[in-house]
Amino acid sequence: MWIALTALALSGCTAARTPPLATIAAPSTTVPPGMQYLYGSGEGAAISAQAWRALVNYVGWDAKSETGESAVLAPDATLAVPRWVPCGTKPRAAVFDVDETVLLNTGFEYNDAIHPAPYDEARWQAWEKTGVTQVAAVPGAVEALNDLRKMGVTVIFNTNRSAANAAQTAAAITGAGLGPAVHGETLFLAGDDATGSKKDGRRAAIAAKYCVVAMGGDQLGDFSDLFNAGLSPAARRAAVTTGAIAARWGVGWFVLPNPVYGSGLKGGIDDVFPQDKRWAPPAAVEAK
C-alpha cells in the first residue's frame, strides 16, 4: 500500500511539473533576418572583411604619420568637444571588442534561433563557460590581427565578458586563431574594475600604457561610454554623423556589422522615420 501511494504521489508531482505535450513549443525552423545576414550571408562576410582591411591599411598609414594622439577619448572629453589621450612615446596598440567584433557567437545564436527567448544572463554565463569551441572568427579578423602584430602593434581585447570566465574567453579567442589573449595584459573584462559593463575605465588603463592607434567594435560603447549616456536614438545618430566625431569613422575608429542585438536596435516609428521623409503611395495606386 505504501509503495502504491508513493508511486501515485510521485506520478502526480511529475504531472504537475511537466506541461502537456501540446504546450511544449517546437524548435523554430526560421532564422531571424539579422542572423541570416551576420552569420550566413556573403554580404555580411564581405563588409566585415572590408572593415578589417580598412583598419589594417589605416594603421599602416598611421605608422608614417605624426598625429601624436590616441584614438581614446580623454576623461574630460564630450561628444560635442572631443579631446584625445596624447600618445607621447608609448608603444602602439589596437583595442577590440570581442563578441561580434572578432568572434561570432554562432553556437549561442543558433540556440536563440531555434528557441527564441528574451536575453537571460544565466544562459549567457553558461555560454561563456561551455561554448569555447562553438565560435568562429569574424571574416577578415585573423589576417588583420596577424598583420597588426607583424607591424609591432599590440592587439588588446576589451570585452564585457565576465572576469570570472577569463580562462574560457582566452581559450575561445586563441582557439579561433585570434590570440594570444592574456587576462590583465591583452585581455580586459567586466569585473576588472568597479564600473561593470562600462568600458571607459578599462580603455583609460590601456591608454595609460599604450598609444591606441585604432579601436574596433560592433557597438558605440566600444568606442566611448558617452554614447550610452541616455541619448535618444536620434541624438545618438546625430552624434556620430556631425562634428569631430564624424571624422573618426575609418580614421582610428572602425565599426563591424551587428544587426542581431545590442544598443543599435532601438527606436520606434517616430525615432526612425522623420516626419519630413515619410511617403505614402498616391490614392490611385492604393485603390488598385
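Q: How many helices and strands does the chain come to?
A: The secondary structure has 12 helices and nine strands. Those are DSSP runs numbered from the N terminus, with helices being H or I over at least four residues and strands being E over at least two. Keep in mind that this is a predicted model, where local features need pLDDT of at least 70, side-chain atom pairs count only at pLDDT 80 or more, and totals for chains, interfaces and linings use all residues. Residues are numbered from 1 along each chain as its sequence is written, and side-chain values use heavy atoms, with hydrogens and water left out.

Q: OK, and how much of the chain is buried?
A: Of the 288 residues, 40% count as buried. Buried here means under 20% relative accessible area, exposed means over 50%, and partly exposed is in between, with a 1.4 Å probe and protein chains only.

Q: What does the accessible surface come to?
A: About 15,700 Å², and carbon and sulfur atoms hold 62% of that. The areas come from the Shrake-Rupley method with a 1.4 Å probe, and for residues only the protein chains shown count as cover.

Q: What share of the contacts is between residues 24 or more positions apart?
A: 74%, taken over contacts in the chain with a separation of 6 or more. A contact is heavy atoms within 4.5 Å.

Q: Which residues lie nearest the centre of the largest pocket?
A: Y119, N160, Q219, Y261 and G262, out of 33 lining residues. Helix 4 (106-114), helix 5 (121-130) and strand 6 (154-162) each give at least two residues to that lining.

Q: What's the lining of the largest pocket like by class?
A: 11 nonpolar, 10 polar and 12 charged residues. Ala, Val, Leu, Ile, Met, Phe, Trp, Tyr, Cys and Pro count as nonpolar, Asp, Glu, Lys and Arg as charged, and the others, Gly among them, as polar.

Q: And how much space lies in the second largest pocket?
A: About 620 Å³. It has 24 lining residues, and L220, P233, R236, R237 and G264 are the closest to its centre. Helix 9 (233-241) and helix 11 (269-272) are the elements that give two or more residues to this lining, and helix 9 gives the most, with six. The second pocket's lining divides into 13 nonpolar, six polar and five charged residues.

Q: How many cavities of 30 Å³ or more turn up?
A: A search of the whole structure finds one. The largest cavity holds about 30 Å³ of space, and its lining is V95, F96, D97, N158, K199, R203, G216 and D222. By class, that makes two nonpolar, two polar and four charged.

Q: Now aromatics. How many aromatic pairs are there?
A: The structure holds 10. Rings of Phe, Tyr and Trp (its six-membered ring) pair if their centres lie within 6.5 Å, and planes under 30 degrees apart are stacked, over 60 edge-to-face and the rest tilted. Take F227 and W253: their ring centres are 6.2 Å apart and the planes sit at 70°, so the pair is edge-to-face.

Q: Where do F227 and W253 lie?
A: F227 is in the loop between strand 8 (211-217) and helix 9, and W253 is in strand 9 (residues 253-255), so the pair ties together parts that are 26 residues apart in sequence. F227 is buried at 1% relative accessible area, and W253 is buried at 0%. Ring pairs also link W84, F223, F227, W249 and W253 into a cluster.

Q: What does S70 touch?
A: Leaving out residues up to four places away in sequence, S70 touches W84, V85, C87, V212 and R248. S70 lies in strand 1 (residues 69-73) and is buried, at 1% relative accessibility.

Q: Last one: which residues does the cis peptide bond join?
A: G179 and P180, with omega about 10°. P180 is in the loop between helix 7 (166-175) and strand 7 (187-190).

Notes
On a 1 Å grid over the protein atoms alone, a cavity is a set of points where a 1.4 Å probe fits but cannot get out, and a pocket is an open set with protein on both sides within 12 Å along at least five of seven lines; lining residues have an atom within 4 Å of a point. Grid points are joined across faces, edges and corners, and a volume is the space filled by probe spheres set on the points.
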